[in-house]
Amino acid sequence: MNGPLRLPVCPHCGARFFYKQIRRTKGNRQGQCPHCGGKFVIVYKKQRVFLFLGAAAVAVPLNILLLWGIQVKSLLPLFLITLLLVTLAALLTPFVVRYRKRPPKEYRREKKRPAGIPAETDRRSNGGKRPPAAKGT
């Protein structure tokens with residue numbers, strides 16, 4: 001199954017993950033395969049945004065059709081249809097998660113320092129501490 005909605009597989013050994021395993025990794029950036037022990041990066045933010053945008057793209061015209069076309073007297077059906085579509089999108093989020101191999105250390109990008117600030121005055125280079133005060137003359 002090569003469509004956009006499929007459960008992810010391990011990028012190292014190709015093992016399939018179950019729905020519950022993927023739901024447990026929600027919010028994590030990295031993961032480890034229980035089969036081969038390979039480490040990978042979890043990617044899902046962009047795909048999840050498209051999934052919820054798709055649900056909104058279906059909900060808005062459907063609500064407009066119900067409101068003006070059929071002329072429902074209550075807002076309850078509109079609310080229930082919107083809630084149903086958002087719940088469906090939330091249940092489908094594990095199907096848009098992708099696992100990618102972690103790049104080797106030599107290929108990983110370092111955090112960029114703002115232009116014009118030398119390394120010794122940057123807080124990131126000395127563990128978050130303030131840079132030493134300049135000595136007066």
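Which residue of E2 does Gln32 stand opposite? Gln32 stands opposite Lys39, in a predicted model whose secondary structure comes to three helices and three strands, where helices (H or I, at least four residues) and strands (E, at least two) are DSSP runs numbered from the N terminus. From the N terminus on, the order of these elements is α-β-β-α-α-β.

**Basis and confidence**

- Residues are numbered from 1 along each chain as its sequence is written, and side-chain values use heavy atoms, with hydrogens and water left out.
- Because the model is predicted, local features need pLDDT of at least 70 and side-chain atom pairs count only at pLDDT 80 or more, whereas totals for chains, interfaces and linings use all residues.
- The mean pLDDT (the predictor's confidence in each residue, from 0 to 100) of the protein is 76, and 72% of its residues reach 70 or more.
- Confidence is lowest in E3, at a mean of 83, and highest in H3, at 87.
- Where pLDDT is low, the predicted coordinates should not be read in detail.

**Sheet**

- Three strands form an open sheet in the order E1-E2-E3 with antiparallel pairing, two strands being taken as paired if DSSP finds at least two bridges between them.
- Strand E1 (30-32) and strand E3 (98-101) stand at the edges with a single partner strand each, so one side of each is left without a neighbour in the sheet.
- Neighbouring strands of this sheet are turned by 45 degrees against each other on average, direction ignored, with axes that are lines fitted to C-alpha atoms.
- E1 is joined by three bridges to strand E2 (residues 39-43), and the two run antiparallel.

**Helix H3**

- The 17 residues of helix H3 (residues 76-92) should span 24 Å at 1.5 Å a residue, and the end C-alpha atoms are 24 Å apart, which agrees; the expected span is 1.5 Å times one less than the number of residues.
- Leu78, Leu85 and Ala89 of H3 are buried, that is, under 20% relative accessible area, with exposed meaning over 50% and partly exposed in between (1.4 Å probe, protein chains only).
- Seen down the axis of H3, its buried residues fall within an arc of 40 degrees, so they line one face of the helix; the arc is that of the directions from the helix axis to the C-beta atoms.
- Leu76, Phe79 and Leu84 are exposed on the face of H3 turned away from its buried side.
- Helix H2 (45-69) is included in what covers the buried residues of H3.

**Whole chain**

- Of the 137 residues of the protein, 20% count as buried.
- Among contacts (heavy atoms within 4.5 Å) with a separation of 6 or more, 54% are between residues 24 or more positions apart.

Notes: Axes fitted to C-alpha atoms, helices over the stretch in contact; angles between N-to-C directions.
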